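Here is a short briefing to read alongside the structure. Keep the 3D view open and find each element as you go.

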Amino acid sequence: MLKLPKGSAFLKPVQATAFLFAAWELLSWAIVPDWPSAIEVGRILWRDVREPSFQAALGGSLSRMLAGYLLVMVIGISGGILLGRFPLVDQLMGSLAVAVHAIPGAAWVPLSIIWFGMTEQAVIFTIVLGAAGIVIVNTDTGIREVPPFIARAARTMGARGVKYFWFVVVPAAIPKIVDGLRLAWAFGWRALMAGELLTSVNGLGQRLSQVAKVGELDHLLAIMLLIAAIGIAVDGLIFKRPSSAGSIR
Amino acid sequence: MRVELRHVSKSFSHNGHALEVLQDINLVVEEGEFVCLLGPSGCGKSTIVNLVAGLERPTSGDVLVGGKPVTGPDASRTVVFQDAALFPWLSVLGNVEFGLRMAGLEPRKRRERALEYIRLVHLSKFIQAYPHQLSGGMKQRVAIARALALQPEILLLDEPFASLDAQTRSVLQNELLEIWELARPTILFVTHNVREATGLADRVYVISSRPGRIRDVQPVTVPRPRHAEDPALLSHQHKILGLLGEEVEKVLREELGETVHFPEAQHPAAPERSLGMHI
């Protein structure tokens with residue numbers, strides 16, 4: 001039996017992953033002979049990431065994601081602030097934001113293709129539409145729901161108007177905004193893959209559809225593994241809250 | 001500045017009915033005076049603080065500060081809340097600077113003033129700490145520094161030490177008195193603890209519950225520093241406890257719907273206890 005070190009947040013996922021891979025290897029070796037072996041898939045992945053044309057595809061996906069995500073941040077946060085701050089804007093646009101948020105990213109792809117053709121822009125547009133909604137909705141909620149104790153304390157210290165908004169409402173909304181951004185990352189990543197699968201821009205999604213057409217199951221799994229790894233890594237590295245904040249007593 | 005409440009009543013609507021919280025409150029805090037409001041839980045004493053702070057409006061009657069009606073919150077009347085209500089995203093320094101920033105003080109002066117008040121509450125070593133890193137007593141120190149840094153005319157304290165342990169509470173009580181003697185703001189201090197009220201105040205207003213009414217006013221003439229075992233102080237406490245004992249029973253009767261009577265020796269309002277703790 002593996003003995004898990006106590007209090008270590010790092011080793012546990014590593015060991016869990018190792019266990020899963022061992023189970024996969026065993027499965028392909030002993031039970032389902034047609035299923036690609038984990039080691040073989042890993043070898044293909046290693047070969048891929050060293051190959052320049054694959055690196056170009058990976059780089060293309062990541063740069064599209066970066067561009068789309070930056071737009072999501074700008075549009076989502078400023079849109080949410082407008083909605084939260086001005087009741088009239090909220091009445092006019094609030095339900096639109098909710099509706100956009102309710103449409104899965106992949107469902108925007110056909111419209112994106114009609115508007116932008118099989119281009120980079122179509123993919124970025126898909127990311128923005130797939131992910132901005134959650135940021136708008138969360139920012140809006142965060143701004144409206146300032147905890148009453150904070151609002152009261154701020155008012156007794158003379159905070160009002162624009163200063164109240166920038167120095168109290170916005171910082172109070174930040175945890176909610178960060179939650180929105182975190183979900184937006186996941187939604188955007190999905191939308192990116194959907195966009196790349198259906199348009200023919202050079203990226204991981206397009207690679208997926210290529211290897212699927214020629215029936216390379218091991219290669220397909222290798223790319224999917226990479227997609228999962230990037231999704232998890234960004235979520236874990238950027239959004240994981242520092243839990244080490246100590247206490248002075 | 002003088003605080004005066006004239007015939008103040010306050011009702012809230014509760015499930016469609018009007019619930020009267022305060023009834024015909026007449027109360028005065030003279031300039032520079034330290035007044036405690038004492039009463040059992042739910043007697044509306046926090047509402048009085050909110051009215052003076054301008055966070056709430058009376059249903060009828062007048063709330064006057066310096067002879068003028070209160071129309072809203074103002075930095076000349078700051079509040080120390082029971083739960084400290086610090087801004088979690090700001091450091092100790094940031095919290096104390098907050099009101100000064102709202103007042104438009106330039107950064108250098110703001111910093112100087114904040115540091116001065118942080119020193120006053122002995123937190124100079126923790127200026128960069130965030131609220132979640134502080135103990136309950138330290139949070140209240142920050143809340144006090146934050147309220148004082150604005151150099152208010154009136155300092156309102158709403159059960160500021162209620163959730164602290166006995167030792168921390170008594171240290172903070174003494175420090176509050178020292179600070180008060182230094183700057184002499186007008187203080188309105190809400191508590192449900194008889195010992196705290198008689199230990200601190202020039203006068204104690206005893207509030208009855210449901211609806212809150214002023215039951216009695218007790219001037220505490222014992223000179224400071226006061227000693228817990230001073231017979232004069234104990235006799236004040238005894239008198240107030242007599243009045244409050246009836247109140248606590250009344251609250252229990254209303255909540256439990258039956259007759260509750262405590263033998264003298266096990267009275268729930270013994271001085272070392274907090275009133276309403278067992279309700």
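The points below cover the core, the sheet, the chain contact and the helices.

This is a predicted model. Chain B holds seven helices and 10 strands. Of its 279 residues, 43% are buried. Among contacts in chain B with a separation of 6 or more, 69% join residues 24 or more positions apart.

**The nonpolar core**

- The largest nonpolar core has 129 residues.
- Val52(B) and Leu188(B) have the most contacts inside this core.
- Helix H8 of chain A, residues 161–198, gives the core its largest share, 16 residues.
- Which residues does Val52(B) touch, leaving aside its neighbours within four places in sequence? It is in contact with Val3(B), Val63(B), Val65(B), Val70(B), Arg77(B), Leu156(B) and Leu188(B).

**Helix H1 of chain B**

- Helix H1 of chain B spans residues 45–53 and is mostly covered.
- Eight of its nine residues are buried.
- Val52(B) is one of these buried residues. Others include Lys45(B), Ser46(B), Thr47(B) and Ile48(B).
- Just after H1(B) comes Gly54(B), with a positive phi of about 90 degrees.

**The sheet in chain B**

- Six strands of chain B form an open sheet in the order S6-S7-S8-S3-S9-S10. The pairing is mixed.
- Which strands sit at the edges? They are S6 and S10 (213–219) of chain B, and each pairs on one side only.
- From one strand to the next, the twist averages 20 degrees.
- Strands S3 (residues 34–38) and S8 (residues 186–191) of chain B pair in the parallel sense. Five bridges join them.
- Leu37(B) stands opposite Val190(B) in S8(B).
- Helix H4 of chain B, residues 136–149, lies across S6 and S7 (154–158) of chain B. H4(B) runs at about 180 degrees to S6(B).

**Where the chains touch**

- The contact takes 24 residues from chain B and 18 residues from chain A.
- On the chain B side, strand S6 (77–80) and helix H2 (92–102) each supply at least two residues.
- H2(B) gives the most to that side, with four residues.
- By class, the chain B side has 16 nonpolar, five polar and three charged residues.

**Two helices that pack in chain A**

- Helix H3 (residues 52–85) and helix H9 (residues 204–213) of chain A pack with their axes 8 Å apart. The angle is about 135 degrees.
- Why are H3(A) and H9(A) called oblique to each other? Angles under 35 degrees count as roughly parallel, over 145 as roughly antiparallel and 65 to 115 as roughly perpendicular, with the rest oblique. About 135 degrees falls in the rest, so the pair is oblique.
- H3(A) makes the contact through Ala57(A), Leu58(A) and Ser61(A). H9(A) uses Leu204(A), Gln206(A) and Arg207(A).
- The residues of this contact divide into three nonpolar, two polar and one charged.

- Ile39(A) lies in helix H2 of chain A, residues 38–50.
- Ile39(A) has 13 C-beta neighbours inside 10 Å, so it counts as partly exposed. The cut-offs are 20 or more for buried and 12 or fewer for exposed.
- Ile39(A) and Gly161(A) are 122 residues apart along the chain. Their C-alpha atoms are separated by 62 Å.

Definitions and conventions: Residues are numbered from 1 along each chain as its sequence is written. Chains are lettered from A and ligands numbered from 1 in the order in which they are written. This is a predicted model: local features need pLDDT of at least 70, side-chain atom pairs count only at pLDDT 80 or more; totals for chains, interfaces and linings use all residues. A nonpolar core is a set of buried Ala, Val, Leu, Ile, Met, Phe, Trp, Tyr and Cys residues joined through C-beta atoms within 7 Å. Two residues are in contact if their C-beta atoms, placed from the backbone, lie within 7 Å. Ala, Val, Leu, Ile, Met, Phe, Trp, Tyr, Cys and Pro count as nonpolar, Asp, Glu, Lys and Arg as charged, and the others, Gly among them, as polar. Axes are lines fitted to C-alpha atoms, for helices over the stretch in contact, and angles run from 0 to 180 degrees between N-to-C directions. Two strands pair if DSSP finds at least two bridges between them.
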